[in-house]
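I am opening a notebook on this structure and will write down what I look up, entry by entry.

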Amino acid sequence: MKQKTISKKIDGVGIGLHKGIPIKISLEPLEEDRGIVFYREDIQTYIEAKPQNVIDTQMATVIGVSKDKFVSTIEHLLSALYAYGIDNILVKLDSYEVPIMDGSSASFCMMIEEAGVVTQSKNKKAIVVKKRVEVKKDGKFVALEPSLFPQYDFSVEFEHPSIGFQSYSFNLSKENYLEEIARARTFGFLKDIHMLRKMDLALGGSLENAIVLDDRRILNIEGLRYDNEFVRHKILDAIGDLTLLGHPYLAKYSSHAGSHGLNHELTLELLKDDDAYEILEIGVKGKIFYD
């Protein structure tokens, strides 16, 4: 298993969820051992995608080098990059947020497909989780535990007739991701959207890029893409948040009502415990082998 990047530059444009204006995005190849790097063209600032750079998780995962130099809503793009095994890539933006596209990661998957994926010469490194690490808060939890391959087991519960209790288990591969996860959209409640817009937030949110619910029903005329689209999107988010670990990981992720904040705390909890994980090179004798 070698490191991967994309074979050529690919450009796109989409609406920013909070700013509500078109945002240009470009994905460009990057050399080995560079990781995922964001570049704000408007302020000429590079920001590496790593846990130490997370500065906010209130409504999305936000990374930055200061309170004025940041990139928001990175989780859907990171989720797609992880599913395709992309290790090194430069993401250029002309604003402070990644465009929301249709609220899922499907558009980013299409961009990656169009750009093509190329194998580089250096081996990947993987984070091998060696013992269970867990973060709990207010009846919610997120956890990582040893596994021979990436697994996800998520449940959510909302007091809403269209959601209720949902759970889903998922084994990661690119094919499984495209079929089961990539098209699951973010969701929000109409009452919350009204509140956010009074704060000049969520100005780009609409029925075209989110599942919107009032107190009784789903407002999107087309309905859901999956019966349990809500919990599938939570898995999509979790994959994106954990991509900040910087390497593929051999672990089972499990959660009930997890969030961006809890996922970030989980990455920090794992990395601070030297006994909880080991970083090994894939494909090297005596290390990790994939068929």
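How many aromatic pairs does the structure hold? I looked this up in what is a predicted model, and the structure holds 9 aromatic pairs.

Entry on Phe-158 and Phe-187. I found the ring centres of Phe-158 and Phe-187 to be 5.7 Å apart with the planes at 85°, and because planes over 60 degrees apart count as edge-to-face, the pair is edge-to-face. I then placed Phe-158 in strand β14 (residues 151–158) and Phe-187 in strand β16 (residues 187–189), so the pair ties together parts that are 29 residues apart in sequence. I noted that Phe-158, at 26% relative accessibility, counts as partly exposed, whereas Phe-187, with a relative accessible area of 17%, is buried.

Entry on Phe-187 and Phe-230. I saw that Phe-187 also forms an edge-to-face aromatic pair with Phe-230, at 5.0 Å centre to centre and with 85° between the planes. This pair links distant parts of the chain, since Phe-187 is in strand β16 and Phe-230 in helix α5, 43 residues apart. I recorded a relative accessible area of 0% for Phe-230, which is buried.

Entry on helix α5. I turned to how helix α5 (residues 229–242) packs with helix α1 (residues 75–83), and read an angle of about 80° with the axes 7 Å apart; α1 and α5 are therefore roughly perpendicular to each other. Among the residues making the contact I listed Leu-78 and Tyr-82 of α1, and Leu-236 and Ile-239 of α5. By class, the contact has 4 nonpolar, 4 polar and 3 charged residues.

Last entry. I noted one aromatic cluster formed by Tyr-152, Phe-154, Phe-170 and Tyr-253.

Key. Residues numbered from 1 in each chain as written. Predicted model: local features only at pLDDT ≥ 70, side-chain atom pairs only at ≥ 80, totals over all residues. Heavy atoms only, no water. Axes fitted to C-alpha atoms, helices over the stretch in contact; angles between N-to-C directions. Helix = DSSP H or I, 4+ residues; strand = E, 2+ residues; numbered from the N terminus. Parallel < 35°, antiparallel > 145°, perpendicular 65-115°, else oblique. Contact = heavy atoms within 4.5 Å. Nonpolar A, V, L, I, M, F, W, Y, C, P; charged D, E, K, R; others polar. Phe/Tyr/Trp six-rings, centres within 6.5 Å; stacked < 30°, edge-to-face > 60°. Buried < 20%, exposed > 50% of the residue type's maximum accessible area, 1.4 Å probe, protein only.
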